[in-house]
Amino acid sequence: MSVDTALVRRIAHLARIKVEDAEVEQLGAELNAILAFVEELNAVDVSGVEPMTSVLPMTMKLRADVVTDGGKAADILANAPEREDHFFIVPKVIE
Amino acid sequence: MADPTHLSLAQARDALKARTLSAKELTQAHLDAIAGAKRLNCFITETPDLALSAAAGSDARLARGEARPLEGLPLGIKDLYCSKGVRTTAASRILDGFIPTYESTVSAHLLSDGAVMLGKLNLDEFAMGSSNETSAFGPVISPWRRNGDDAGIVPGGSSGGSSAAVAARLCLGATATDTGGSIRQPAAFTGTVGIKPTYGRCSRWGIVAFASSLDQAGPIARTVRDAAILLRSMAGHDPKDATSVDAPVPDYEAAIGASVKGKRIGVPREYRLDGLSGEIAALWDQGVAWLKDAGAEIVEISLPHTRHALPAYYIIAPAEASSNLARYDGVRYGLREKGRDITEMYENTRARGFGAEVRRRVMIGTYVLSAGYYDAYYVRAQKIRSLIKRDFDLAFAAGVEAVLTPATPSPAFALGEKGSADPVEMYLNDVFTVTVNMAGLPGLALPAGLASNGLPLALQLIGRPFDEETLFALAAAIETAAPKLPAPEAWWSA
């Protein structure tokens, strides 16, 4: 599988990272180098093998469905680049 | 007392308890050492005022006979751990100005056990790197140099600030994190001891996430005993991390000096890579001989899927990273760059905020998780991860109690020497360490000698899940047998 410039732009958009035109080719070459490195995995026989979901056998812990935390709006907003009262400010989303 | 920065953590603890040294003196000595070591660039943020006030509190407790386990001991904290009220960067521009309103669970354990935080240590951006050269705050320089050569040497990565600061005697110990080797490889490069405990041993809560199924916290220190003391304090169950394990934490220090007679140690033949340097092979043989002399039984084992671990890691880790790093969008914290609409604001923010290596990994991760490629890459890699773990399970089931390998394929290299043309060249540093993360096992790196060029070399011990005690016992046996490394000469304070 080889990544071309169109695919680099598509991945960059999916990842929400702006890529300059001048960077596209170099970035494609780097991504291809990594994909070439992982290509050997195609030769491994994985028939009948379950994909790992948890590295150690552990049962997911459950707790009572009650509020355990909260009332921290000021804390949560403390690092916001733009805020107003108890809201995060973002560019207009709905026209 | 002579320079207290050269004490081990255990020695400093005992001197404080005996009141032959005060916490204030000990902290001030380290702050002076840090002030004289700016050239190493170990710290991103120094917190001398916090340290001195904590030391004063420790002296008061020591005077009252109420010392906690780490009372008055100065540590560095990797800047991936959130520190309440102290700028936390993950060595990235994208967290610009971020001041957590909470403390990570692991650092909170250390502080409530009486440790004194000296500051926040440099690292590769988001812990993605093997040389500390991807930090947005500049590379860390190792205190070690090659014989007769002034070239700046890398301290390893991603915990390069931690390893360099501990090796340069700027702190008695440090926190670190390990996703593919980020505790053990920098420890190996700097002649220090680092342990990545079993996945789930330490809480990940409040540590900036890289790849959540692989990330673990652990200490870097100058002796095996010091690492054991620190891990005991760092470990433990945390309801805020569902993957942290609810099991008692043993007194790891008690394992130091325990007999290793009759312990079955596996030596995996697949780690004898084609082109493995003669120096590394000889070091490994030497490690085998030391353990044999201590009464351990050495058996050759096979871990047949070893060679697939690194490629599979470079699918799984970037996939998880692309998901974890989606949160950096310029809305809730950190950097924001303007855009015409919200999508452009995201794209501009992330383009400016992420460095080249982070961008590369987020993009690879995005690609392998995208529609049409998910099964071919991600699911396949997770199947191979199951096979890697099964290799270890079989070896342990056959009676092997720990595995001995080299820690790295080479000693440290010079800044700019690796990975500039091809990112994969840098990735190969983790070839011996990454299997351990893939299988969730504990792994410990410790110094075992010097290369012909004068730089430290290290061995790695891999253990059964939650059997860190055996690793500490074996490591202590090797530490006793191995030649003691000299402290690096303090050229940086000139």
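1. Chain B of this predicted model comprises 15 helices and 11 strands, taken as DSSP runs (H or I over at least four residues for helices, E over at least two for strands) and numbered from the N terminus. Residues are numbered from 1 along each chain as its sequence is written, and chains are lettered from A in the order in which they are written. As the model is predicted, local features need pLDDT of at least 70 and side-chain atom pairs count only at pLDDT 80 or more, whereas totals for chains, interfaces and linings use all residues.

2. The overall dimensions of chain B agree with those of a compact globule, because its radius of gyration is 21 Å and a value near 23 Å would go with 494 residues; the radius is taken over C-alpha atoms, and the rule is 2.2 Å times the number of residues to the power 0.38. Along the principal axes, the C-alpha atoms of chain B fill a box of roughly 65 × 55 × 50 Å.

3. In chain B, 62% of the 494 residues count as buried, that is, with 20 or more other C-beta atoms within 10 Å of their own, C-beta atoms being placed from the backbone. Of the contacts in chain B (C-beta atoms within 7 Å) with a separation of 6 or more, 76% link residues 24 or more positions apart.

4. Pro219(B) lies in strand β6 of chain B, residues 216-221. Pro219(B) counts as buried because 34 C-beta neighbours lie inside 10 Å. Its C-alpha atom is 5.7 Å from that of Ala174(B), 45 residues away along the chain. Beyond four places in sequence, the contacts of Pro219(B) include Ile195(B), Leu230(B) and Met234(B).

5. The axes of α9(B) and α12(B) are 9 Å apart, at an angle of about 130°; axes are lines fitted to C-alpha atoms over the stretch in contact, and angles run from 0 to 180 degrees between N-to-C directions. The two helices, α9(B) and α12(B), are therefore oblique to each other, the class left after under 35 degrees (roughly parallel), over 145 (roughly antiparallel) and 65 to 115 (roughly perpendicular). Among the residues that meet are Ala312(B) and Ile316(B) of α9(B) and Tyr378(B) and Arg385(B) of α12(B).

6. Towards chain A, 52 residues of chain B are in contact with 35 residues of chain A. On the chain B side, α12(B) gives the most, with 10 residues.

Methods. A residue is buried if 20 or more other C-beta atoms lie within 10 Å of its own, exposed if 12 or fewer, and partly exposed in between; C-beta atoms are placed from the backbone. Two residues are in contact if their C-beta atoms, placed from the backbone, lie within 7 Å.
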